[in-house]
Amino acid sequence: MLKKKCDLARVPYIDIAIYSIVIFLLNLNPVLDILLALVVAMCFIKTDITNLLSGYIFFAFFDDAIHFELLGGSFSRLLMVIIFLRLLYLIVREKLKPEIKEITIFLFICFELVFSILIGKFSFGDIMIAANIFIFLMFSIVGRTEEKTMENSLKKLLIYIVSGVFVAIIYGFLKFNFLFEETGTLQVYRFSGTYEPNFMGMYINMAIIIILFSESLNKYIKSIALVILLGTLGMTLSVTGVAVTCIILCVYVLKKGKFLKRIGYLFLIGVSSILLFGVSQYMFNIVNTTRLNNKNQIEEEVEEQTVPEEKIVNSDNEQEKSTIDNSQQEIEEAESDIPETKVDIIEDNTAVKRGKTLFENFKEGDFDTLTSGRLPIYRSFLKASFTRDLKEIVFGNGLSDEQLYCDFFGREKEAHNSYLNCLYNFGIIGFILVIVGIVLVIKRNTFFHMNLQNTKYEKTVKMLRTIFLLYAVVLSLYTKKMVLVFFLI
């Protein structure tokens with residue numbers, strides 16, 4: 001058993017509060033960023049292995065939101081260096097040896113790196129992806145020494161995940177991170193949180209699973225948390241997110257028993273969530289409309305202030321002054337024919353309009369638009385996977401998430417499908433190995449080498465893995481830390 005280090009303080013989960021404060025203060029000032037980085041570095045150096053992994057996953061929800069300029073990328077790069085050195089030290093000191101699973105994955109990733117170099121497809125992104133996978137393999141090796149306390153470690157990890165999701169929601173609202181999406185005649189604003197609406201929907205569903213299947217959580221706290229999560233999920237306007245939530249709720253009702261009681265409970269939660277969503281959507285529309293109107297007003301004032309300066313240039317030249325006056329009059333007459341720039345998007349920016357548009361797409365059989373262009377992207381990647389050099393068909397072309405040209409968008413797009421990512425990036429051989437690996441993970445039903453059967457977290461972990469496999473159909477997840485932790489460890 002590895003000698004455990006003391007926690008940051010006697011107060012439980014004080015590190016979550018520290019990490020949250022750091023996240024909200026990062027990227028405000030370069031000097032402050034360095035100080036905050038030192039604070040997090042000290043936390044990661046002093047904490048134990050369980051909290052080290054949990055903290056790494058906590059920051060994973062902000063990979064695309066916060067950056068560390070000294071390392072030229074995500075703040076997680078700093079954490080990766082610290083974690084790698086700590087785990088390497090423990091492996092060497094304790095003389096820990098990898099198992100067949102870790103060796104196989106390690107050799108597979110190394111082969112893909114070498115192969116991408118040989119065919120000229122290697123990039124810096126390949127190194128970062130490989131490094132991240134190697135870190136989780138190292139966690140897997142070190143984790144065997146923590147097997148006796150693993151149930152408590154899993155509990156901590158789940159708490160960090162839920163905390164990370166709620167902090168991500170707060171961060172997204174404070175930063176006003178909404179994505180303006182225009183597809184055909186549909187124009188809506190979708191809550192992005194810390195990355196992108198569909199990914200934010202996945203994050204929220206992770207928290208819903210953990211809270212819903214938690215036996216020890218106070219029922220009032222559970223109800224409030226679910227209302228907030230479901231209401232926020234609505235603001236992402238993610239069709240996939242809502243569909244996945246419905247699956248989660250159905251499984252919850254069928255697995256937990258007491259059918260009518262569960263239905264009544266979820267009905268009250270659903271009504272409350274809809275009310276919260278409606279109020280939030282209305283408030284957002286007001287705030288966004290006001291913000292856009294103020295922006296337009298400022299632009300108009302700036303334009304008006306530039307007119308007198310033009311008139312002063314040659315005030316002694318009466319003929320030129322007359323020309324300027326005439327030009328100004330023509331501009332004013334032209335502007336009078338243009339509608340006011342006051343923005344009114346309240347009616348357009350609703351989930352109702354998105355729902356109506358998607359229904360119209362379904363009736364017309366326009367499945368390309370209905371799936372937000374995903375079907376054309378899938379066809380492009382599937383075709384490209386089998387119309388390239390034979391060696392690439394068999395072994396792929398590297399670890400990085402590639403982009404291919406899609407006629408539907410008229411530009412290059414990512415796969416938005418983890419299975420197609422694996423087929424295109426790793427080739428037929430790699431794709432088969434990945435699928436076999438997933439099947440073995442599900443069959444073994446373990447986490448950190450701890451058998452989950454009959455433990456109080458078995459259903460939670462099974463549901464998380466199942467949901468990840470469903471989301472993999474519409475999102476590129478094969479490099480995401482919160483997914484890898486449940487499939488590599």
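Visitor: In which loop is the place of Asn445?

Guide: The model discussed here is predicted. In it, helix α17 covers residues 418-444, and β7 covers 446-447. The place of Asn445 is the loop between α17 and β7.

Visitor: Is Asn445 buried or exposed?

Guide: The phi of Asn445 is near 55 degrees, a positive value in a residue other than glycine. Its relative accessibility is 9%, and the cut-off for burial is under 20%. Asn445 therefore counts as buried.

Visitor: What is the phi of His416?

Guide: Most residues other than glycine have a negative phi. His416 is not a glycine, yet its phi is positive. The value is about 55 degrees.

Visitor: How are helices α8 and α9 oriented to each other?

Guide: Helix α8 spans residues 197-212 and helix α9 spans residues 219-236, with their axes 9 Å apart. They pack at an angle of about 165 degrees, and angles over 145 degrees count as roughly antiparallel. The orientation of α8 and α9 is therefore roughly antiparallel.

Visitor: How many nonpolar residues does the contact of α8 with α9 have?

Guide: On the α8 side, the contact includes Met200, Ile204, Ile208 and Ile211. On the α9 side, Leu226, Leu229, Leu230 and Leu233 are among the residues involved. By class, the contact also has four polar residues and one charged residue, while the number of nonpolar residues is 12.

Visitor: How are helices α4 and α6 oriented to each other?

Guide: The axes of α4 (residues 76-94) and α6 (residues 124-143) come within 10 Å. They cross at roughly 40 degrees, whereas only angles under 35 degrees would count as roughly parallel and the range for roughly perpendicular begins at 65 degrees. The orientation of α4 and α6 is therefore oblique.

Visitor: What is the handedness of the crossing of α4 and α6?

Guide: Residues of α4 that meet α6 include Met80, Phe84, Leu87 and Ile91. Their partners in α6 include Met128, Ile135, Met138 and Val142. By class, this contact has 15 nonpolar, one polar and one charged residues. The crossing of the two helices is left-handed.

Technical notes. Residues numbered from 1 in each chain as written. Predicted model: local features only at pLDDT ≥ 70, side-chain atom pairs only at ≥ 80, totals over all residues. Heavy atoms only, no water. Axes fitted to C-alpha atoms, helices over the stretch in contact; angles between N-to-C directions. Helix = DSSP H or I, 4+ residues; strand = E, 2+ residues; numbered from the N terminus. Parallel < 35°, antiparallel > 145°, perpendicular 65-115°, else oblique. Left-handed = near helix turned anticlockwise from the far one by under 90°. Contact = heavy atoms within 4.5 Å. Nonpolar A, V, L, I, M, F, W, Y, C, P; charged D, E, K, R; others polar. Buried < 20%, exposed > 50% of the residue type's maximum accessible area, 1.4 Å probe, protein only.
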